[in-house]
Amino acid sequence: QVQLVESGGGLVQAGGSLRLSCAASGSIVSVKNMGWYQQAPGKQREMVADITSSGTTTYEDSVKGRFTISRDNAKNTVYLQMNSLKPEDTAVYYCYGVVVTHTPLNVGSYWGQGTQVTVSS
């Protein structure tokens, strides 16, 4: 069993910053890719940023230069630093992890419960 627990969402004015955190716990051997998706009302869930276990990052075009993804492999935790926030960044943000588990030995994708980010204009 693997759990991903997010924290750090909230309400912020346009131009402000927030930092999201997501910690994975449970029957974990290792965590491969970790990252964040966003889902705005009435829209599909879309990838925001991804980071491999070696630190290679990928960003959706609209957040490049504003958001930074990072991770602490020792803590199985991924972070999303969001700067220069815009109203269009308002969404529920979900973290995910591709996790190798040892009971049973398997590789699967796991999701957090989501955290609301609201950016006011």
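# A walk through the strands

Start by selecting R66 and D89: both of these residues are buried (buried means under 20% relative accessible area, exposed over 50%, and partly exposed in between, with a 1.4 Å probe and protein chains only). You are looking at a predicted model, in which local features need pLDDT of at least 70 and side-chain atom pairs count only at pLDDT 80 or more, while totals for chains, interfaces and linings use all residues. Residues are numbered from 1 along each chain as its sequence is written, and side-chain values use heavy atoms, leaving out hydrogens and water.

**Stop 1: the salt bridges**

Keep R66 and D89 on screen, and show their side chains. They form a salt bridge, with 2.8 Å between the closest N and O atoms (a salt bridge is a side-chain nitrogen of Lys or Arg within 4 Å of a carboxyl oxygen of Asp or Glu). This pair links distant parts of the chain: R66 sits in the loop between β6 (57-59) and β7, and D89 in the loop between β8 and β9, 23 residues apart. Strands such as these are DSSP runs (E, at least two residues; helices are H or I, at least four), numbered from the N terminus.

How many salt bridges does the structure hold? There are 2. For another one, select K64 and D61, whose side chains meet at 3.0 Å, N to O. D61 counts as exposed because its relative accessible area is 58%.

**Stop 2: the whole chain**

Now zoom out and switch to a cartoon view. Along its principal axes, the C-alpha trace spans about 45 × 25 × 20 Å. A compact globule of 121 residues would have a radius of gyration near 14 Å, and the chain agrees, with 14 Å (taken over C-alpha atoms; the globule rule is 2.2 Å times the number of residues to the power 0.38).

Of the 121 residues, 42% count as buried.

**Stop 3**

Select β4 and β5. They pair in the antiparallel sense over 5 bridges (two strands pair if DSSP finds at least two bridges between them). Q38 stands opposite E46 in β5. The two strands form a hairpin with 6 residues between them, and G42 in the turn has a positive phi of about 75 degrees.

Carry on to β6. β5 and β6 are also an antiparallel pair, over 3 bridges, and I51 has T57 in β6 as its bridge partner. Here the hairpin has 5 residues between its strands, and G55 in the turn shows a positive phi of about 100 degrees.

**Stop 4: around β3**

Which way do β1 and β3 run? They run antiparallel, joined by 6 bridges; select Q3 to find S25 of β3 opposite. Another 6 bridges join β3 to β8, again antiparallel, with C22 opposite V78 in β8.

While you are in β3, click on S21. S21 counts as buried because its relative accessibility is 18%. Leaving aside residues up to four places away in sequence, S21 touches V5, E6, S7, W36, V78 and Y79 (contact means heavy atoms within 4.5 Å).

**Stop 5: the nonpolar core**

Select W36, V48, F67, I69, L80, M82 and Y93. Of the 28 residues in the largest nonpolar core, these touch the most other members (such a core is a set of buried Ala, Val, Leu, Ile, Met, Phe, Trp, Tyr and Cys residues joined through side-chain atoms within 4.5 Å). Strands that each supply at least two residues of this core include β1 (2-7), β3 (18-26), β4 (28-39) and β9 (91-102). In soluble globular proteins, nonpolar side chains tend to be buried together.

**Stop 6: two last residues**

Select N76, in the loop between β7 and β8. Is N76 buried or exposed? N76 is buried, since its relative accessible area is 19%. Beyond residues up to four places away in sequence, N76 touches C22, A23, A24, I28, V31 and M34.

Finish at T115, in strand β11. With a relative accessible area of 11%, T115 is buried too. The contacts of T115, again not counting residues up to four places away, are E6, G9, L20, A91, V92 and Y93.
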